[in-house]
Amino acid sequence: MNYLVLDVETPNSKNDSICSIGVQLLTEDKITDEWYTLVDPEDAFEDFNISIHHITPEMVEGAPRFEEVWERLAPYCGSRVFVAHNAEFDLTVLAKALEKRGMKLPDITYLCTVDLGRRIHYNYGNVKGDLVLSNLANNLGVELTEHHNALYDTRACSGIFLRLREIYDFDPAAFVRRFRYPKHAKKTFFARGRRENNIKSV
């Protein structure tokens with residue numbers, strides 16, 4: 001099984017655009033390629049996001065736009081399993097960025113290293129904070145020198161995945177999921193005899 005490991009950073013809380021992305025290709029558990037780029041999100045930056053990844057509007061001037069980045073990523077959909085830390089976030093950003101531009105989301109299968117850490121390493125016994133990328137990497141002896149830089153986060157995600165494989169010798173196929181977007185809202189069930197119009201907003 002071959003993988004595409006990625007991490008994205010976003011310019012604002014809408015999470016429908018990207019200002020940087022890091023990618024590694026894993027082929028038969030060997031890193032065969034990696035790349036990183038700033039991305040012009042064509043959108044406003046928020047101070048909170050800048051405080052996390054330190055990417056400013058001036059830094060992305062002249063950088064590739066999302067369409068150019070996606071052109072490079074899209075051929076791997078279907079041929080590789082995507083891997084990310086808290087993968088639903090990164091993949092949802094990709095999906096929302098595509099939706100924003102009227103572009104179709106292809107079939108994507110993925111593995112999440114948060115899920116693997118929770119289920120395999122901690123056996124569901126972790127405490128709050130254990131699964132944060134920096135903490136899980138440190139616990140497993142994986143280097144992370146510049147947290148929230150998309151390339152270094154991608155390298156750490158790859159390292160976590162490969163380290164877990166080394167320690168526990170599990171079959172990744174058992175943890176592969178198909179990415180779904182949009183997410184369907186959960187149904188709300190009301191207690192018997194309780195009228196919906198009596199429920200107050202909070």
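Start by selecting helix H6. H6 lies across S1, strand S2 (20-27), S3, S4 and S5, and runs at about 30 degrees to S2. Here helices (H or I, at least four residues) and strands (E, at least two) are DSSP runs, numbered from the N terminus. "Lies across" rests on contact, meaning heavy atoms within 4.5 Å. Axes are lines fitted to C-alpha atoms, for helices over the stretch in contact, and angles run from 0 to 180 degrees between N-to-C directions.

This is a predicted model, in which local features need pLDDT of at least 70, side-chain atom pairs count only at pLDDT 80 or more, and totals for chains, interfaces and linings use all residues. Residues are numbered from 1 along each chain as its sequence is written, and side-chain values use heavy atoms, with hydrogens and water left out.

**Whole view**

Zoom out. The protein has 6 helices and 6 strands. From the N terminus, its elements run β-β-β-α-α-β-α-β-α-α-α-β. Its C-alpha atoms fill a box of roughly 60 × 45 × 35 Å, taken along the principal axes.

**The sheet**

Now show the strands. An open sheet holds 6 of them, in the order S3-S2-S1-S4-S5-S6, with mixed pairing. Two strands pair if DSSP finds at least two bridges between them. Strand S3 (30-38) and strand S6 (177-178) stand at the edges with a single partner strand each, so one side of each has no neighbour in the sheet.

Select residues 3-9 and 81-84. These are strands S1 and S4, paired in the parallel sense over 3 bridges. Pick Tyr3: its bridge partner in S4 is Val81.

**H5 against H6**

Select residues 133-140 and 150-168. The axes of these helices, H5 and H6, come within 10 Å and cross at roughly 45 degrees. That makes H5 oblique to H6; angles under 35 degrees count as roughly parallel, over 145 as roughly antiparallel, 65 to 115 as roughly perpendicular and the rest as oblique. The crossing of H5 with H6 is left-handed: the near helix is turned anticlockwise from the far one by less than a right angle.

Show side chains. Leu133, Leu136, Ala137 and Leu140 of H5 meet Asp153, Ala156, Cys157, Ile160, Arg163, Leu164 and Ile167 of H6. This contact has 9 nonpolar, no polar and 2 charged residues. Ala, Val, Leu, Ile, Met, Phe, Trp, Tyr, Cys and Pro count as nonpolar, Asp, Glu, Lys and Arg as charged, and the others, Gly among them, as polar.

**H4 against H5**

H4 and H5 pack at an angle of about 45 degrees, with their axes 11 Å apart. H4 is therefore oblique to H5. Their crossing is left-handed. Thr113, Gly117 and His121 of H4 touch Leu136, Asn139 and Leu140 of H5. By class, this contact has 2 nonpolar, 4 polar and no charged residues.

**A salt bridge**

Select Arg165 and Asp29. Their side chains meet in a salt bridge (3.1 Å, N to O). Arg165 lies in helix H6 and Asp29 in the loop between S2 and S3, so the pair ties together parts 136 residues apart in sequence. The count comes to 12 salt bridges, each a side-chain nitrogen of Lys or Arg within 4 Å of a carboxyl oxygen of Asp or Glu.

**Two backbone stops**

Go to Glu42, in the loop between S3 and helix H1 (47-53). Its phi is near 50 degrees, a positive value in a residue other than glycine.

Finish at Pro182, in the segment after S6. A cis peptide bond joins Tyr181 to Pro182, with omega about 0 degrees.
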